[in-house]
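Thanks for coming, everyone. Let me walk you through a few local features of this structure. Please take a look at it first.

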Amino acid sequence: MTSDFTRIDGRKWDELRPIFASVGVLNKADGSAMFRLGNTVAVAGVYGPRKVYPKHEEEAERAILRTKYNMAAFATSERGRPGTSRRSIEISMVTRNALMPIMFLDEFPRTAIDVHIEVLQADASTRCVGINAACLALADAGLPMKDFVASCSAGKVGDKVVLDIAGKEDTEGELDLPVAYYPKKKQITLLQMDGITTGKEAREIIALAAKGAEKIYEAQKAALRTKY
Amino acid sequence: MISIDPQLVKDMVASGKRIDNRKLDEYRDIKIEKGFVTSAEGSARVKLGNTEVLAGVKFGVGEPFADTPDEGVLMVGAEFVPLASPDFESGPPGEEAIETARVVDRAIRESKVIDFKQLCIKPKEKTWMVYVDIDILDNDGNLIDACSIAAISALLDAKLPELDEDFSIDTEKERTKKLPITGVPISTTIARIGNKLVVDPTLSEELALDSRLTVGTFDKNGEIMLSSMQKGGTGGLSLEEIDKMVSMAEHAGKKIRAAVLES
């Protein structure tokens, strides 16, 4: 990939937006964190392990992990309708699937671990930023974890493959591909794609997103070290 | 329906075998029956092995979305009705039904094979609303693929109603116009069971899988293109596995597209 061009916001093709992460930002939650990638901001709060209600969801052998992704009504330029949407239900589901591989759920049978993600400001990659915040919040809650998963997206604007699409690139871009990456195992735990590409190019885009996620991973670790 | 012990499924797949004697990369038989429902403007009943789904297309006239004032609107829904499986419950769609509908929708929408501009009646004011609703009738696994085949088949079967002067649907006039569709986007699902990859998992195999990848493919001037991807399941996939899964999906997609075009 040759890549001698500058993007609309001045970044290089493989450059992430500025990252800011902060751990322990809420008082009531057992663990919490805020993650910011450019103008996308999400806060995550973790409750648990705690008793399972409704009771029938309880699992005898392990904890259940419940994730809720929600976007504030004011997070986008047009006001969003508050409450659950089909989109938020799907994102909550893929977020849970992304986090499952790093959890030790067998350690806490008959309990629930609840992860609540609130997107406060949206400028693309909201699910990725939510996952990054959620991981830090889980660690802040003192839960045993195998690793972090770090999430970011890559895509195509015009014919160019770029990391971490934002702003105009998002509304006018051809393709968006978010991933969540489990660095210790070098595994992808979330993968979605919207847009036209070939199998060969998809491989390049996934690899680029995974590389970006490794940088996010370093920022997550640094944020946790700052707190503890 | 009897489901088989996931451990047995895993052991068989590990030795390269499947409970229904298929090869790991072999798709089940596909039967497509278009025009199954006369009350719908387009429909298709699809059997994928013992999985059966029915898609119906209905049209309405509505207001276009503000960000696409000169385009038609496509909406896909999936109903996991309780008659299809002991595990389905009545009530609003659950997360699996929502995921299925949205993945099917994205493979079609993102491929851009439907010219939505042609579905606009009067910019900013009136546009065709295309509703694809899919009922699951019998669940033996891989509902995403079955729904995807049914959705595109029903869309290809559909004929637009005629409008009268005040832009309402004239039910008396014969429908002759097909939808402006230039390709056949298809979702194909590959599951990872243990460390093996299998195409088109049955229900018993779904209970044994730890990850799956659904890939939307379509044909553009003889070249296979991708339009969407969705990873499911609670495991992780290596980059090499994803690569193989995409190739398997591209390959299986050809057979499915041929079946859709023949129907």
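Just past helix α2 of chain A, Gly142(A) has a positive phi of about 80 degrees. A word on the basis: this is a predicted model, where local features need pLDDT of at least 70, side-chain atom pairs count only at pLDDT 80 or more, and totals for chains, interfaces and linings use all residues. Residues are numbered from 1 along each chain as its sequence is written, chains are lettered from A and ligands numbered from 1 in the order in which they are written, and side-chain values use heavy atoms, leaving out hydrogens and water.

Helices (H or I, at least four residues) and strands (E, at least two) are DSSP runs, numbered from the N terminus. In α2(A), 15 of the 15 residues are buried, so the rest of the structure largely encloses this helix. Buried means under 20% relative accessible area, exposed over 50%, partly exposed in between (1.4 Å probe, protein chains only).

Now chain B. Strand β3, residues 51–62, has 10 of its 12 residues buried. Seven bridges tie β2(B) to β3(B), antiparallel. Strands pair if DSSP finds at least two bridges between them. β2(B) and β3(B) make a hairpin with two residues between them. β3(B) also joins β6(B), antiparallel, through 11 bridges. There, Val61(B) partners Trp128(B).

Two residues of chain B are not glycines but have positive phi. Asp200(B) sits at about 50 degrees. Asn221(B) is near 50 degrees. Which is buried or exposed? Asp200(B) is buried, at 0%. Asn221(B) is exposed, at 79%.
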